[in-house]
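Open the model in your viewer and keep the selection panel at hand. This tour goes from one selection to the next.

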Amino acid sequence: MKRTGASIVLLVVGVALAGCTPAAVAAPEVSWQGGKPSGTLESDPWVEAVRASDLALNSAIVTRDYTGDDLQTTTSTTTIKRVAAAQRSSAEGDRFFTSPGPTPMIPLSVDEEGDEAMVTVCQAQDWYLDADQTSVPEDLKGQVAEFRVVLRDGDQRRSEGGAVRAEECDLAGVSIGLFDPQPDPTETYSPDDVKVP
């Protein structure tokens, strides 16, 4: 049942978090283990939008705060509400998990059409920590995911979440970014500790 909850969140590019009852948790910094992502598509603004949304979502999971500007300007309201609801629901069921960092991914293609684009990536499966999986998975398995990104208000590209395809892919050479400090996957929190828009 815990895996099912994690799978739901992963479909929208996130994972759910572990926390504790303090009123606020500081947003962590990202420490890139072997250098930041590089490649021909990394400077594409649509890919940058997917990465910005992914980082904002994973940070929100750690802090349990879905009201920040970074999230609102990079991610669709529907996706934000879906991830926040999944985190609250998991807490109600006494299941707590967190994100170790931005989701490892390699951009595969960008299909742009007018004010929107479909960004296809190879991303890590099971990218989460919990009381049973307390360290970052060493053997990452990739899956293909497609992200619809829409240009709004003239200059804001917002990701509308990812749709995972039943297709494996190769993550060889993927850049790994970890939150510093790492969140404690054994901590618990109340559903009311999750701040929603």
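Predicted model: local features only at pLDDT ≥ 70, side-chain atom pairs only at ≥ 80, totals over all residues.

**Stop one: a helix pair**

Select H2 and H4, which cross in a right-handed sense.

To pick the pair by number, take residues 45-63 for helix H2 and residues 77-92 for helix H4. Two packed helices are described by the angle between their axes and the distance between the axes. Here the axes come within 11 Å, and the crossing angle is roughly 30°. Angles under 35 degrees count as roughly parallel, so H2 is roughly parallel to H4.

Now show side chains where the helices meet. On the H2 side, display Leu 57, Ala 60 and Ile 61. On the H4 side, display Thr 79, Val 83 and Gln 87. Colour this contact by class: you get 4 nonpolar residues, 2 polar residues and no charged ones.

**Stop two: Gln 156**

Move to strand E7, residues 156-169, and select Gln 156.

Next, show its surroundings. Leaving out residues up to four places away in sequence, Gln 156 touches Thr 73, Val 150 and Leu 151. Pick out Thr 73: this residue and Gln 156 are 83 residues apart along the chain, yet their C-alpha atoms are separated by 6.6 Å.

Finish on Arg 158. The side chains of Gln 156 and Arg 158 make a polar contact at 2.6 Å.

Technical notes: Residues numbered from 1 in each chain as written. Heavy atoms only, no water. Helix = DSSP H or I, 4+ residues; strand = E, 2+ residues; numbered from the N terminus. Contact = heavy atoms within 4.5 Å. Polar contact = N/O pair within 3.5 Å; in protein donor to acceptor, adjacent residues only side chain to side chain. Axes fitted to C-alpha atoms, helices over the stretch in contact; angles between N-to-C directions. Parallel < 35°, antiparallel > 145°, perpendicular 65-115°, else oblique. Left-handed = near helix turned anticlockwise from the far one by under 90°. Nonpolar A, V, L, I, M, F, W, Y, C, P; charged D, E, K, R; others polar.
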